[in-house]
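Please load the model in your viewer and keep the selection tool at hand. The stops below say what to select and what is there.

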Amino acid sequence: MQTTANQFLKPITTKINHVNNIEIGGCDLVELADKYATPLYVLDEKTIRQIANDYKTALPEVNIMFASKALCTSALTKILVSEGLGFDVVSSGEIYTVYKAGADMRKVLFNGNNKSFDELNLALDFGVGRISTDNFYELALLNTIAQSKNKMADILLRITPGIECHTHEYIQTGHLDSKFGFDLTQIDEAVELILNEYTNLKLHGLHAHIGSQIFETSIYKDEIDILCGVISRLDKKFGIKLEEINIGGGLGVKYTEKDEPPSIYEVGEIITDSLKKSSEKYNIPSPKIFIEPGRSIISTAGVTLYTIGSSKQVPHGKKYVSIDGGMADNPRPSLYQAKYYAEIANSKETNQTEKVTIGGRYCESGDVLINEIELPKLEEGDILCVYNTGAYNYSMASNYNRVQKPAMVLVNEGNSDLIVKRETLEDLIAHDIIPDRLK
Ligand SMILES: *Cc1c(COP(=O)(O)O)cnc(C)c1O
C-alpha cells in the first residue's frame, strides 16, 4: 500500500543540508530562526499539497472538507481552495476566514453543538452550503432565522452513531454520553419535526464524527454501515430520501516513532468498499459521501522552532532544558499529555547525547513540552525543531503570561513567506480600555 505523509514523523521535504543543518521546503531552519525569530511556526507547502492530492486520489468519489479548527489562516485556506477542498467550520471566525480567502461557500459545512443566533444568521447570509444541526433547540432556532429571511436552510442531522474512538481502540454501544448530536433514538422525532413543522429546513443527509487520532480503519466501516442503516429506515418510515452522509474526520498522524497511522489509501479502500456493501445490504442508492480530515492534512506539514535557553539539573533527578515557548503556542502536552518528537536543527560538533526534559517558559509546572527525550548535548542558542505541530497548535494558542503569539512562515522550494505576523507588544494591549475615572 502506498504510504502517505500522515505516516511520517517529518515534512516530506525534510533533509540535512550541506552545512549539516535541518532544511525543510528548501529553507535552512537556522536561517529561518535568525530571520523571523523564535518561537516560529513553519509550514511546508509541498507536504500539504501532497496530502491533499493523496486524499483526492485515494477517495475520488468523496468530497473532502478540511476541518478548519485544526488550523485556520488565510494563506492555508487559499492553498486548500486551490486544491479544490471544501471546509468544515465551527464559528463565525472560521466562516469569515474561509469566505475572505475565496472558498466556494457551497462547499462549506457549519458544525457545532451550540451555534449562536448570530453565527447561524451569518452562515445563512454567507451562503454556507450545509449546516449540521446538532440538537432540538438548534432546529427550532435555525428554522426561525431561515423563515425571517425567507430562505431554506440546507441541513444535515448530526448523529451519535454509538461508536467512539479512544485512539487505539473503539467502543460500540447503543447510545453514547456525548455532548454532540442526536442520539440514535432521537432521530425519528427530529425528522418528524423537520418534515412537519420546520418548513424552512431542507434535510439532505446525516453527519457523524467518531473521534480523533484514529489508527483503526474498520471503525469507518461500522460508521458507514450504521449511517446507511438509518437512511434506509428513515426512507421506509417517512419516505424521505437522504442522499448525503458525512463521516467526519479523525485519521491519525505519527507524532512519535510508536504511532502507526494507516495510509490514506487504506482509508480510501475501506470507505469505498463499505459504502458499496452497506448500500447493497440496505438496498439504498449509494449516498454522496463527505469526509472532514483536519489533523491528517496539516499536522505533518508543520514544525515549531524554539531557541534553547536555561537549563537545570535536578540533583539525582531530571535535566530540564527550557525553550522560549511552550504551553501557550502548543497547549496539547499540558492539556492531554500529547507526545512530540524533536531534533536540534543546527549542526552539532559532538556525538554525545543526553536525556533531557524540554520545559516551556510559562508559569505552570505542567508546562513541559517533551518529557524525556534523547538529544545531542544542548547549549543555549541551539534551535529545537518540534515536529508535527501543524494541527491544533496555532489554532489553540493563547496569550497566557501576556506573551505575543508567534509568527508563521510558509516554506517551498527555498522560499519562505510570512503568513501570520508575530504579535507585537502593542497588539497585546490593543483591546484594553482604561475607564476615564482611572486616567
Ligand atoms: C474535530 C473534527 C473534525 C476533524 O478531526 P481531525 O481529528 O482533526 O481529523 C472533523 N469533524 C468534526 C465534526 C470535528 O469535530
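This is a predicted model. Start with glutamate 372, which counts as partly exposed because its relative accessibility is 41%. Glutamate 372 lies in strand β20, residues 368-376. Check its backbone: phi is near 60°, a positive value in a residue other than glycine. Most residues other than glycine have a negative phi.

Now select histidine 316. Look for it in the loop between β16 (302-313) and β17 (319-323). Phi of histidine 316 is also positive, near 60°. Is histidine 316 buried or exposed? It is exposed, with a relative accessible area of 89%.

**The cis peptide bond**

Go to threonine 38 and proline 39. A cis peptide bond joins the two, with omega about -5°. Most peptide bonds are trans. Proline 39 sits in the loop between α1 and β4. Threonine 38 is in the loop between α1 (29-36) and β4 (40-44).

Stay on threonine 38 and show its side chain. Threonine 38 is buried, with a relative accessible area of 16%. Which side chains make polar contacts with the side chain of threonine 38? One is that of threonine 307, at 2.6 Å. Another is that of aspartate 324, at 2.5 Å. Then display the contacts of threonine 38, leaving aside neighbours within four places in sequence: Ala33, Leu305, Tyr306, Thr307, Asp324 and Arg422.

Select residues 45-58, which make up helix α2. This helix has 14 residues. From first C-alpha to last, α2 reaches 20 Å, close to the 20 Å expected at 1.5 Å a residue. Color its buried residues: Glu45, Thr47, Ile48, Ile51, Ala52, Asp54, Tyr55 and Ala58.

Next, show arginine 49 and glutamate 83. Their side chains meet in a salt bridge of 2.9 Å, N to O. Arginine 49 lies in α2 and glutamate 83 in the loop between α3 (74-82) and β6 (86-89), so the pair ties together parts that are 34 residues apart in sequence. Arginine 49 is partly exposed at 25% relative accessibility. Glutamate 83 counts as buried, at 10%.

Glutamate 83 forms a salt bridge with lysine 56, with the closest N and O atoms 2.9 Å apart. This pair also links distant parts of the chain: lysine 56 is in helix α2, glutamate 83 is in the loop between α3 and β6, and they are 27 residues apart. Lysine 56 counts as partly exposed, at 30% relative accessibility.

Move to lysine 115 and glutamate 138. They form a salt bridge, the closest N and O atoms being 2.8 Å apart.

The model's salt bridge count comes to 22.

**Helix α6 and its cap**

Select α6 itself. Helix α6 has 13 residues and reaches 19 Å from its first C-alpha to its last, close to the 18 Å expected. Its buried residues are Glu138, Leu139, Leu141, Leu142, Asn143, Ile145 and Ala146. What covers them? The cover includes α5 (117-125), β8, β9 (153-160), β12 (182-183), α7 (187-196) and β13 (201-207).

Zoom in on asparagine 135. This residue is in the loop between β8 (130-133) and α6 (136-148). Asparagine 135 caps the N-terminal end of α6: a side-chain oxygen lies 3.3 Å from the backbone nitrogen of tyrosine 137. The side chain of asparagine 135 also makes a polar contact of 3.3 Å with the side chain of aspartate 134. At 19% relative accessibility, asparagine 135 counts as buried. Beyond its neighbours within four places in sequence, asparagine 135 is in contact with Asn113 and Phe182.

Follow α6 to asparagine 150, which comes after the helix and has a positive phi, near 55°.

**A nonpolar surface patch**

Finish on the surface with Leu335, Tyr336 and Met396. They form a nonpolar patch with about 280 Å² of accessible area together. Tyrosine 336 is found in helix α11, residues 332-336. Its relative accessible area is 39%, so tyrosine 336 is partly exposed.

Terms used:
Residues numbered from 1 in each chain as written. Predicted model: local features only at pLDDT ≥ 70, side-chain atom pairs only at ≥ 80, totals over all residues. Heavy atoms only, no water. Patch = residues over 30% accessible without salt bridge, like charges linked within 9 Å, V, L, I, M, F, W, Y side chains within 5 Å. Areas by Shrake-Rupley, 256 points an atom, 1.4 Å probe, with all protein chains shown as cover. Salt bridge = Lys/Arg side-chain N within 4 Å of Asp/Glu carboxyl O. Helix = DSSP H or I, 4+ residues; strand = E, 2+ residues; numbered from the N terminus. Buried < 20%, exposed > 50% of the residue type's maximum accessible area, 1.4 Å probe, protein only. Polar contact = N/O pair within 3.5 Å; in protein donor to acceptor, adjacent residues only side chain to side chain. Contact = heavy atoms within 4.5 Å. Expected span 1.5 Å × (residues − 1).
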